[in-house]
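Here are a few friendly notes to read alongside the model. Have a look at the structure first, then we can go through its pockets together.

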Amino acid sequence: MLTIEKLSFGYSGEGLFRNLDLELEPGMIYGLLGKNGAGKTSLLRLISGQLFPSGGRLDVLGFDPRLRQPGMLRDIYFLPEEFPVPRLTGTRYVALNSPFYPRFDRERFFDLCEGFQVDPAWALSQVSLGQKKKFLLAFGLASGVRLLILDEPTNGLDIPSKRQFRRLAASSLGEDQTILISTHQVRDMENLIDPVIILDSGHILFSGAIDSIAGKFHMSLETTEPLPQEAFYFERVPGGYSVVRRNHEGYDSHVDLEVFFNMVIERGEDVAAIMQPGREEDRV
């Protein structure tokens, strides 16, 4: 689906990515997590051919994205965080843009609009940001593309709309499709994304499935602060402390992605040593 090898890229002589490697498989909803400025949007634009790397190899659906070939573009839909909206009705927008996507499903599109509670007959320039975003999310989910790229898709959505998005995105994924969602709103995506990619300062600190996290770490909410030697990581949360310990006993544990993200940012090398097979297993 997507392979990145030894990718390098930077702005105005300053390096952002250096020797970055990443691989995405079909049938998954990947979450690209990172703080503001971590390089998430730049990576998405490199994948979609809107930015050009200075070195390395980038293969997207069998194409070099720098060439922006029609065979690739008809199989990618990219919804950026900020987007211009033409002075058209939604119905006219679909009529003009759906022919670029050979597998666009009109019936699915109207079902998604109903699920998002948007009317395709609305003038797009006259509705709220949230309504515009829901319309474009419906279009993207109905496009039938093999790679759907969404940058901060829940920004501008109210709480019920975020819930609808998670439900509709999960139901729209086909076996040969991949959804890549970039966000710093970890809680919004917690029940949707898997695997998880954590990016910080142009480096991938973690890439893996949530099950693999649960197999290595046990998370719990505790009322008292643990001693440093008793926990791998902990942080203060409402109601007490979120505590992460090594899962030596094989307990079934819920993974709090926000806590895991904070842990990786603080102890990335130690987390990598535990998660990667063949590395030292007893670092605490």
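1. Let's begin with the second largest pocket: 10 residues line it, and Leu-205, Phe-206, Ser-207, Met-275 and Gln-276 lie nearest its centre. Strand E9 (203–208) and helix H9 (257–275) are the elements that give two or more residues to this lining. E9 provides the largest share, 5 residues. A pocket here is an open set of points on a 1 Å grid over the protein atoms alone, where a 1.4 Å probe fits, with protein on both sides within 12 Å along at least five of seven lines; lining residues have an atom within 4 Å of a point. Helices (H or I, at least four residues) and strands (E, at least two) are DSSP runs, numbered from the N terminus.

2. Please remember that this model is predicted: local features need pLDDT of at least 70, side-chain atom pairs count only at pLDDT 80 or more, and totals for chains, interfaces and linings use all residues. Residues are numbered from 1 along each chain as its sequence is written, and side-chain values use heavy atoms, with hydrogens and water left out.

3. Which domains contribute to the second largest pocket? Domain 1 (2–207) and domain 2 (210–275) each give at least three residues to its lining; the bounds come from an automatic or database domain assignment.

4. Now for the largest pocket: Ile-76, Tyr-77, Phe-78, Tyr-93 and Tyr-101 lie nearest its centre, among 20 lining residues. Strand E5 (76–79), helix H3 (90–97) and helix H5 (129–142) each give two or more residues, and E5 has the largest share with 4.
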